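Student: I should like to learn how to read the features of a protein model. May we work through one together?

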Amino acid sequence: LCFVSKQEGEKIRIKITSLGLTESRVTADETIQQLFVECRLNNFLAEETPLSLPKPTGGQRIHYNYSTVINVDKAHNRAEREYLKSILLKPDLPADSLKFTVVSDPPEDEQDLECEDVGFAYVSLKEIFQKQRDVIEQDID
């Protein structure tokens with residue numbers, strides 16, 4: 001997964017650029033054909049890429065080029081701002097990361113199957129805030 005956190009004023013932009021797979025259960029499983037990515041930050045953000053794309057093969061990447069914004073201005077988004085503040089102030093807060101979930105989307109002809117979480121990645125917001133360095137165009141395992 002590629003992740004971008006770019007503070008633009010009082011916003012945090014999250015961009016899911018692309019997904020590549022290494023040799024794993026997911027690459028070997030022929031029932032997994034389409035993938036989408038969900039991004040979650042506690043109760044404030046739960047977004048997913050609007051499309052599921054065919055599973056990449058042979059070291060290729062699939063490109064979502066999806067982005068979303070978390071507004072954290074004082075006037076209109078106080079709860080989000082207070083939550084981000086708590087990440088900095090409370091040690092060992094369990095939900096201090098953005099969680100990315102790679103999800104298998106069943107094929108059109110097999111809609112009786114359920115979506116299945118097949119991979120996870122995390123980006124620590126606390127680390128970004130403490131180091132004052134955005135994560136821009138970096139791969140996340």
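**Reading strands, helix and core**

Tutor: Let us begin with a strand. In this predicted model, strand β5 (residues 45-48) pairs with β4 in the antiparallel sense over four bridges. Within that pairing, Ala46 of β5 is the bridge partner of Arg40.

Student: Which other strands pair with β4, and over how many bridges?

Tutor: β4 and β8 pair in the antiparallel sense over seven bridges, and here Arg40 has Lys99 of β8 as its bridge partner. Strand β6 (residues 53-54) is also antiparallel to β4, over two bridges; Pro54 in β6 is the bridge partner of Gln34.

Student: Is β4 mostly covered or mostly exposed?

Tutor: In a regular strand, side chains alternate between the two faces of the sheet. In the present case β4 is mostly covered, with six of its eight residues buried.

Student: How should I read helix α2, and which of its residues are buried?

Tutor: The general idea is that an α-helix has 3.6 residues a turn, so residues three or four places apart point the same way. In α2, the buried residues are Glu80, Tyr83, Leu84, Ser86 and Ile87. They cover an arc of only 155 degrees around the axis, and therefore lie on the same side of α2. The face turned away from that buried side carries the exposed residues Arg78 and Leu89.

Student: What covers the buried residues of α2?

Tutor: The covering elements include β3, β4, β7 and α3. As for length, the twelve residues of α2 should span 16 Å at 1.5 Å a residue, and this agrees with the 16 Å between its end C-alpha atoms.

Student: Which residues of the largest nonpolar core touch the most other members?

Tutor: In soluble globular proteins, nonpolar side chains tend to be buried together. Here the largest nonpolar core has 31 residues, of which Ile14, Leu41, Tyr64, Leu84, Leu98, Phe100 and Leu125 touch the most other members. Among the elements giving two or more residues to this core are β3 (11-20), β8 (97-105) and β9 (116-124). Leaving aside residues up to four places away in sequence, Leu41 touches Ile70, Tyr83, Leu84, Ser97, Leu98 and Leu125.

Student: How many disulfides are there?

Tutor: A disulfide is a covalent bond between the sulfur atoms of two cysteines. With a cut-off of 2.5 Å between the sulfur atoms, the count comes to zero disulfides. Cys39 is buried, at a relative accessible area of 2%, whereas Cys115 is partly exposed, at 45%.

Note on methods: Residues numbered from 1 in each chain as written. Predicted model: local features only at pLDDT ≥ 70, side-chain atom pairs only at ≥ 80, totals over all residues. Heavy atoms only, no water. Core = buried A, V, L, I, M, F, W, Y, C linked by side-chain atoms within 4.5 Å. Buried < 20%, exposed > 50% of the residue type's maximum accessible area, 1.4 Å probe, protein only. Contact = heavy atoms within 4.5 Å. Expected span 1.5 Å × (residues − 1). Arc of directions from axis to C-beta. Pairing = 2+ DSSP bridges.
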